[in-house]
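User: I would like to learn how to read a few features of a structure. Please show it to me first.
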Amino acid sequence: MSSELRVEQLRKVFPTTNKAAVDDVSFTIAAGEIVVLLGPSGCGKTTTLRCVAGLEHPTSGKIVIGGTVYTDPQAGVLVPPRNRNLGMVFQSYAVWPHMTVRQNVAYPLKSRKVSGAALDKGVKEALELVELADYADRPVTQLSGGQMQRVALARSMVYQPQILLLDEPLSNLDAQLRLRLRDDLRRIIKRVGLTALYVTHDQTEAVVLGDRIGVMRDGKLLQLDTPSEIYNQPADLFVAGFTGATNVLDGRVVARDGGGGTVAVASGEHLIARMGDGVAVGAAVRVASRPDNVGLAPAVEGPNQFLGRVTTRHYQGTQTVYQVTVLGATIEALEVGSAARHAEGSAVTVALPPGVCWAYPV
Ligand SMILES: Nc1ncnc2c1ncn2[C@@H]1O[C@H](COP(=O)(O)OP(=O)(O)OP(=O)(O)O)[C@@H](O)[C@H]1O
Ligand SMILES: [Mg+2]
């Protein structure tokens with residue numbers, strides 16, 4: 001039922017523009033795996049998904065589902081969307097307003113000539129899965145946004161598609177509902193064992209939902225890894241920044257040691273950071289770190305401790321964001337907890353754990 005998805009060297013140039021919306025993107029999703037494409041607006045997430053669905057015709061590249069080629073413009077292969085057996089859930093609640101919940105979910109089965117007991121069983125199971133069994137006879141117009149989105153989900157899963165495609169399905173929901181449905185979505189998709197390609201620009205959504213996350217920028221897939229690898233070993237400055245490592249220090253590599261090295265920063269002080277094999281001594285680098293990894297403390301023993309001064313303090317109730325001058329630059333530090341410990345103007349020891357400082361060549 002659920003299949004492997006292979007996207008090979010996918011490229012899409014819209015005729016009205018010269019720039020590639022999707023630029024040589026390749027990845028494989030194993031059967032039953034959830035992959036999230038994450039990236040800022042306009043980076044090519046939806047276009048990639050639409051190419052998989054067959055709604056968009058790529059300029060070149062291949063889409064292979066369960067070993068069968070569905071898209072290969074060079075060979076003249078382009079299977080229409082309705083023959084791909086894929087499920088799709090979009091941002092807008094794509095439910096039929098004149099039907100009840102049950103009728104909405106039954107529709108895809110009916111159009112596939114499923115009837116009688118098989119139809120009833122399929123609809124019942126799908127509604128139970130999304131916890132809407134009690135709402136079966138309600139017109140969908142009398143549902144909340146979250147419930148409508150669950151109808152859309154049930155409807156796109158009821159016929160057991162090879163792959164489930166989801167494009168920002170939570171973005172029209174209010175914050176609270178969004179969190180709830182986000183957790184539910186992963187559980188539901190995993191219970192059915194569907195292969196899923198999920199598109200979002202929300203990092204937390206990507207982390208919670210994805211077995212792997214693919215970070216995109218300007219049509220390119222920059223890194224495809226597990227959430228933990230994306231957060232702890234970002235492949236470049238963009239991935240680091242997009243996942244929250246917004247502190248950047250310029251410097252030059254003065255020594256290398258295994259997967260790390262020492263960087264002389266603007267102030268002349270030496271900072272230890274992780275760096276790729278290709279970064280040589282003498283290279284100009286930018287060192288990224290996450291505000292929540294920066295410790296402000298009375299001095300403790302360890303590497304990468306520097307004297308700094310708090311310039312501004314933004315108290316946010318359950319956390320406090322400080323701007324700190326250190327190493328000849330200004331960086332941010334985030335401390336959780338409802339007590340703001342450091343006053344503006346106070347001297348602090350700034351700890352930058354070497355394992356969560358990443359240096360990238362400029
Ligand atoms: N039909 C079209 N014709 C011309 N250009 C298009 C078309 N559809 C998308 N594009 C362009 O292709 C690029 C990628 O668009 P896409 O919709 O894939 O982005 P996205 O990552 O889904 O963004 P968002 O997060 O805003 O939904 C953008 O620069 C967009 O303007
Ligand atoms: Mg989009």
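User: Which helix gives the largest share of the shell around ligand 1?

Analyst: This is a predicted model, in which local features need pLDDT of at least 70 and side-chain atom pairs count only at pLDDT 80 or more, while totals for chains, interfaces and linings use all residues. Residues are numbered from 1 along each chain as its sequence is written, and chains are lettered from A and ligands numbered from 1 in the order in which they are written. A residue is near a molecule if its C-beta atom, placed from the backbone, lies within 6 Å of it. Helices (H or I, at least four residues) and strands (E, at least two) are DSSP runs, numbered from the N terminus. Here helix H1 (residues 45–53) gives the largest share, three residues. The shell has 13 residues, and Phe-14, Ala-21, Ser-41, Thr-46 and Thr-47 are the closest.

User: How do the axes of H2 and H3 cross?

Analyst: Axes are lines fitted to C-alpha atoms, for helices over the stretch in contact, and angles run from 0 to 180 degrees between N-to-C directions. Angles under 35 degrees count as roughly parallel, over 145 as roughly antiparallel, 65 to 115 as roughly perpendicular and the rest as oblique. The axes of H2 (residues 101–110) and H3 (residues 116–129) cross at roughly 130° and come within 9 Å, so the two helices are oblique to each other.

User: Is Ala-333 buried or exposed?

Analyst: A residue is buried if 20 or more other C-beta atoms, placed from the backbone, lie within 10 Å of its own, exposed if 12 or fewer, and partly exposed in between. Ala-333 lies in strand S19 (residues 329–336). Ala-333 is buried because 26 other C-beta atoms lie within 10 Å.
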